[in-house]
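Colleague: I have this model open on my screen. Could you show me how to read it?

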Amino acid sequence: MLIEALIKIVLVLFTVLTAVSYLVLLERWISAWLQDRIGPNRVGPLGLLQPLADVLKLLLKEDIEPSQSEKWIHWLAPVISIVVAFSVLAIIPFGSSIVLDGKSYSLAIASNINIGVLYIIALTSVGVYGITLAGWSSGSKYSLLGGLRSSAQMISYELTMGLGLVSVVMLCGTLDLGGIIQSQISGGWNIFRAPLGFLLFLISSFAETNRQPFDLPEAEPELVGGYHTEYSSMKFALFFLAEYANMITASAVMSVLFLGGWHVPFLNTFGMDPNLMAILGIAAFALKIFAFIFFFMWVRWSIPRFRYDQLMNLGWKVLLPLGIINIVITALEKTYLLH
Amino acid sequence: MHNRSKYNNSKPNRKLSLWEKLYLPEIARGLLTTIKHLFRPKFTRQYPEEKWEAPAAFRGRPVLVMDDNGAERCVACGLCSRVCPPLAIEVQASETELLKERFPVRFEINMLRCIFCGFCEEVCPEEAIVMSKDYELVFTKYDDAIYGKDKLLTPKKDLQERLDYLREMRNSK
């Protein structure tokens, strides 16, 4: 049991860390392509070794600690960010299950957690501590402003996110992610059953991961760099890593909750080997995650940042009422349509 | 608040239509615009491999014109040196058996000083010093930046385009 879990952890961590470093490259490519440029293509074939060069550069940089900072918390903040970003991955089901030697292995580090959705919500809320503490402990006003914005933004958008989730939980009747996928396999993907809920969740995911157009905690034109102004070297790299890891987890969570996770429609009608089907499922899941990540990046290079009051307006006056309406709609749908 | 300048003819407080107020359709329109660029030809010039060919009007590194007989046109009158605003040119004259009687034994341009103004070319009575198309100037030592006759002399046929351009400009005045 323990060895099985360890193997899964190592596999998942390795994959995600590699993916994260390549996401940075992808982001640079996409930004270039959307602006009629070519993008990084010098390091290695097609620029594929660029992440290596970036990491080396960051490793060799001097780690500067501001004299006015709270040393211990300044050190702790990036750790919180990265830990939170990775721990959500623990309960994501990457595929159905693989049968080896007559024994079935589920493709999730911790499968059948009956409070899965709650765990995700709880952990992503902890993520804001990393940013807020980073902003507060740096002893710089720009960082502090970034941290403050981050916490205000999280509070406003976490509500919408939660309300979007409620519709999923209502439709599926379970908090277990595996169960949610099973319910989508039998009853259709949640994006069709609760489109408004999906939209709300998508929008708040942008705020949750601090991506444009909601990247006010960073807002480099106004706040220099926001919460990570005073960070350098590997500590800065950890924040960077956390941002991209958060993108992966948010995409994975959205795929599981709304796009049926590893489910490929009509695949079981071909009567294939279950192991092959599981592997195809993993590929489908990766594809769904990739689609979301591409969307995240596409939006980043298309839409300008919100002003702070616009952000608050949108969060409290538009998205929150919509979230409540969505619950009513879902309830009506559940009582009258789906029976 | 309603000052509309001649540069900005957009209406200042335009009422948004309901469709625009819905916001999401406009976002979708913006996303569509950017995704179109994904498939457009790129503007980037891959510099060291793809070089830019300057037009004749370009003022690059000043060079000395070498006539077909292998001698420079320069008669070492020193006007270029005199007119040069940053004092980059140094000429030392001497006598020669050729018809022009005078020639520069030493002709040096300090490329760290040169500001590519083209005054030397403009003032030269012999069309002996012209601006070339060369814009790739790299040196690692101070001494390398002082270009002597060996680096300045350029065959006339390589500069024909610039010489024709100068003639055209002068005649059109």
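**Strands, helices and the chain contact**

Modeller: Start with chain B: β2(B) and strand β3 (residues 102–110) pair in the antiparallel sense over 7 bridges. Strands pair if DSSP finds at least two bridges between them. This is a predicted model: local features need pLDDT of at least 70, side-chain atom pairs count only at pLDDT 80 or more, and totals for chains, interfaces and linings use all residues. Residues are numbered from 1 along each chain as its sequence is written, with chains lettered from A and ligands numbered from 1 in the order in which they are written.

Colleague: Which residue in β3(B) is the bridge partner of B:Ile89?

Modeller: B:Ile109.

Colleague: Which strands stand at the edges of the sheet?

Modeller: Strands of a sheet pair through backbone hydrogen bonds, either parallel or antiparallel. Here 3 strands form an open antiparallel sheet, ordered β2-β3-β5 in chain B. β2 (89–95) and β5 (146–147) of chain B each have a single partner strand, so one side of each lacks a neighbour in the sheet.

Colleague: At what angle do α3 and α10 of chain A pack?

Modeller: Axes are lines fitted to C-alpha atoms, for helices over the stretch in contact, and angles run from 0 to 180 degrees between N-to-C directions. Helix α3 (residues 71–87) and helix α10 (residues 233–258) of chain A pack at about 25°, axes 8 Å apart. That makes α3(A) roughly parallel to α10(A) (angles under 35 degrees).

Colleague: How many residues does the contact take from chain A and chain B?

Modeller: Contact means C-beta atoms, placed from the backbone, within 7 Å. The contact takes 11 residues from chain A and 11 from chain B. α1 (2–34) and α11 (274–300) of chain A each supply at least two residues of chain A's side.

Terms used:
Helices (H or I, at least four residues) and strands (E, at least two) are DSSP runs, numbered from the N terminus. Angles under 35 degrees count as roughly parallel, over 145 as roughly antiparallel, 65 to 115 as roughly perpendicular and the rest as oblique. Two residues are in contact if their C-beta atoms, placed from the backbone, lie within 7 Å.
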